[in-house]
Amino acid sequence: MAPEDIKKLRQDLGCTARELAGALGIEQETVLAWEHGDLFPTKRFVGMMEELRRKGPEAIPRKKKKQANASPLQVLADPELWRLFRKLLSHPELRSAALKLAEAYPDPTDAPPS
C-alpha cells in the first residue's frame with residue numbers, strides 16, 4: 001500500500017491519522033511514517049485498512065469532544081444520559097455498583113453557592 005493510498009483511505013474515512021491509528025491499534029507516528037513513505041505497512045495492517053475501507057467511516061472509533069461546562073439542560077438533552085438512566089432502572093446490580101462508585105464523588109448540591 002503506497003503512501004498516497006493511506007492518505008486517500010483517511011480522506012475516504014474522514015478521519016485523522018490519530019483516529020486511523022486508534023482503529024488499527026498502533027501509534028499515530030506509524031501512520032504518519034506510512035504516509036511519508038518512511039515505513040510501509042505489513043500485510044496484516046494492509047488487510048485491516050482494507051476492512052476499514054469496506055466498512056466505511058462508521059468503522060473509525062471517534063472520541064466525543066468534551067462540552068465545556070455543559071448546562072444542566074444540555075446534559076439532559078444527551079441521549080447517552082437517558083440510555084444510562086434506563087439501564088440503571090432496569091438492572092438493580094448496576095444501580096448498586098453505580099451507587100458504590102458515586103460515594104467517592106461530591107454531591108453538587110452540597111457545594112457552597114457561588
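Predicted model: local features only at pLDDT ≥ 70, side-chain atom pairs only at ≥ 80, totals over all residues.
A second pairing, that of α1 with α4, has a left-handed crossing.

**Where α2 meets α3**

- On the α2 side, the residues that meet α3 are Ala17, Arg18, Leu20, Ala21 and Leu24, while α3 contributes Gln28, Val31, Leu32 and Trp34.

**Helix α2 and its surroundings**

- The buried residues in α2 are Ala17, Glu19, Leu20, Ala21 and Leu24, and the elements that cover them include α1, α3 and α4.
- After α2 comes Gly25, a residue with a positive phi, near 75 degrees.

- Helix α4 runs over residues 43–55, which is 13 residues, and from its first C-alpha to its last it reaches 18 Å, close to the 18 Å expected at 1.5 Å a residue.
- Phe45, Val46, Met49 and Leu52 are the buried residues of α4, and because they cover an arc of only 120 degrees around the axis, they lie on the same side of the helix.
- The other side of α4 carries the exposed residues Lys43, Arg44 and Arg54.
- Among the elements that cover the buried residues of α4 are α1 (3–13), α2 (17–24) and α3 (28–36).
- Gly56 follows α4, and the phi of Gly56 is positive, near 90 degrees.

**Where α1 meets α4**

- α1 and α4 pack with their axes 10 Å apart and at an angle of about 30 degrees, which makes α1 roughly parallel to α4, because angles under 35 degrees are counted in that class.
- The contact between them is made by Asp5, Ile6, Leu9, Asp12 and Leu13 from α1, together with Met49, Leu52 and Arg53 from α4.
- Of the α4 residues in this contact, Met49 and Leu52 are also listed among the buried residues of that helix.

Technical notes: Residues numbered from 1 in each chain as written. Heavy atoms only, no water. Helix = DSSP H or I, 4+ residues; strand = E, 2+ residues; numbered from the N terminus. Expected span 1.5 Å × (residues − 1). Buried < 20%, exposed > 50% of the residue type's maximum accessible area, 1.4 Å probe, protein only. Arc of directions from axis to C-beta. Contact = heavy atoms within 4.5 Å. Axes fitted to C-alpha atoms, helices over the stretch in contact; angles between N-to-C directions. Parallel < 35°, antiparallel > 145°, perpendicular 65-115°, else oblique. Left-handed = near helix turned anticlockwise from the far one by under 90°.
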